[in-house]
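Look at the chain below and follow it part by part.

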Amino acid sequence: MPVHEITDPDDDRIADYRALTDVELRTRWEPPHGLFIAEGELVLRRALRAGYPARSFLVDAKRVDQLADLDTGDTPVYAASPDVLQRATGFHVHRGVLASFRRKPLPDPADVLAAARRVVILEDVNNHTNLGAIYRGAAALGIDAVLLSPTCADPLYRRSVRVSMGEVFAVPYAKFERWPAGLDQVREAGFTVLAMTPAPDAVPIQRLTPAQRERAALLLGAEGPGLTVAAQAASDVRTVIPMRRGVDSLNVAAAAAVAFWELGRDDPL
C-alpha cells in the first residue's frame, strides 16, 4: 500500500479534509461536491463494505498499519503527524484515521418504500448527533428505511456518521422534495403514518391496533418544536409514549428507539 507523506496542512491533496469542524462550510462543500468524510477505522470499513468508493485516506503516520490489509487500489493514502492533521482538519484527530468517500445517488422515496415493511420519517431533524443516534437505533431495532423531509440534516455529515457508528450506511434512505405532501406517497404505498407527539389525546403507542402496526411509518419531529401542525394533520394516527413523574417528553433519538422497539417487539429474532 503506497503511502504519501503530508507535511503541509495546506497541501491541496488533502483539501477534502480542511476545516472539518466548520459545520456551515462543510454543509456547503460536501453534498455539492459529492463527498463525505468518515472518521475512525470502524466507520471507514463499514463505508467500504457498503460499497461507497473511497477518494482518499488520511491517517496518523503511526497508524498506517491499521489499513495494511485493505486493497486500496489507486486510492491515495496520505500520512501525517498529529500536529499536521490537527492544523488541516481543525481538531485533534484522536481516532487517527479519516477517509473521504464519494456519495451514491439517492434513491427515490417510492423505491425505498417498495422494499420496506417499517420506516421512520424525520421532519426538520437538524441535530447531527440526534440524527446519527436515530440511524443507529433504526439499524438495531428493525426499521427498514429512513425518509427525510427536505430540511433535515445530512445523514452523511461526519458527526452523524460517527454517532451512528457507520449504521447510516446500513439503512436505506431517501429525501422528499415536497413536504408534507410526501406523506401522501407513504400512505399510497400502504403504510400507516404514525405521528409521535406528547399531546394528551394521542393514542398510547402500546395500544396501537395490529393493523396500525402492520406497515408502520413512524413520523418524528425535531428536538424541541416536535412535529409541525401540518405534518400531524397529514398523518393517520397521533401516538405517544406514556410518561411518568411529570416528564413531558424524551430526546428525539431516545423516543425513536423506544418506539422502534415497541413496534417490532413481536418480530421473530
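## A pair within helix H1

Arg28 and Glu24 both belong to helix H1 and are four residues apart, which means that about one helical turn separates them. In this predicted model, the two residues form a salt bridge, with the closest N and O atoms 3.2 Å apart. Side chains of opposite charge can pair when their charged atoms come close.

The pair of Arg28 and Glu24 is a salt bridge, and a search of the whole structure finds 21 salt bridges.

## Two domains

How is the chain divided? Domain 1 covers residues 3-102, and domain 2 covers residues 109-264. Between the C-alpha centres of domain 1 and domain 2 the distance is 31 Å. Domain 1 gives 17 residues to the contact, and domain 2 gives eleven residues.

About 1,300 Å² of area is buried between domain 1 and domain 2. Carbon and sulfur atoms give 63% of this buried area.

## Links across the interface

How many salt bridges cross the interface of domain 1 and domain 2? The rule finds three salt bridges there. Across the interface of domain 1 and domain 2 there are also five residue pairs in polar contact.

Which elements give two or more residues to the side of domain 1 that touches domain 2? They are helix H1 (23-29), strand E2 (35-39) and helix H2 (41-49). The largest share comes from H2, with four residues. Sorted by class, the side of domain 1 that touches domain 2 has eleven nonpolar residues, five charged residues and one polar residue.

A salt bridge also joins the side chains of Glu39 and Arg158, at 2.9 Å from N to O.

## A span named in UniProt

An unreviewed UniProt entry lists residues 119-260 as "domain: tRNA/rRNA methyltransferase SpoU type". In the model, the end C-alpha atoms of residues 119-260 lie 9 Å apart.

## Two backbone details

Most residues other than glycine have a negative phi, and most peptide bonds are trans. Two places in the chain can be read against that background.

Ala19 has a positive phi, near 55°, and is a residue other than glycine. Ala19 sits in the loop between strand E1 (3-5) and H1.

What kind of peptide bond joins Trp179 and Pro180? The bond is cis, with omega about 0°. Pro180 is found in the loop between strand E8 (173-175) and helix H7 (182-188).

Technical notes:
Residues are numbered from 1 along each chain as its sequence is written. This is a predicted model: local features need pLDDT of at least 70, side-chain atom pairs count only at pLDDT 80 or more; totals for chains, interfaces and linings use all residues. Side-chain values use heavy atoms; hydrogens and water are left out. Domain bounds come from an automatic or database domain assignment. Contact means heavy atoms within 4.5 Å. Buried area is the accessible area (1.4 Å probe) that two parts lose on being put together, summed over both. A salt bridge is a side-chain nitrogen of Lys or Arg within 4 Å of a carboxyl oxygen of Asp or Glu. A polar contact is a pair of N or O atoms within 3.5 Å; within protein, one must be able to donate a hydrogen and the other to accept it, and residues adjacent in sequence count only if both atoms are side-chain atoms. Ala, Val, Leu, Ile, Met, Phe, Trp, Tyr, Cys and Pro count as nonpolar, Asp, Glu, Lys and Arg as charged, and the others, Gly among them, as polar. UniProt positions are given in the numbering used here, feature names are shortened, and annotations may be inferred rather than shown by experiment.
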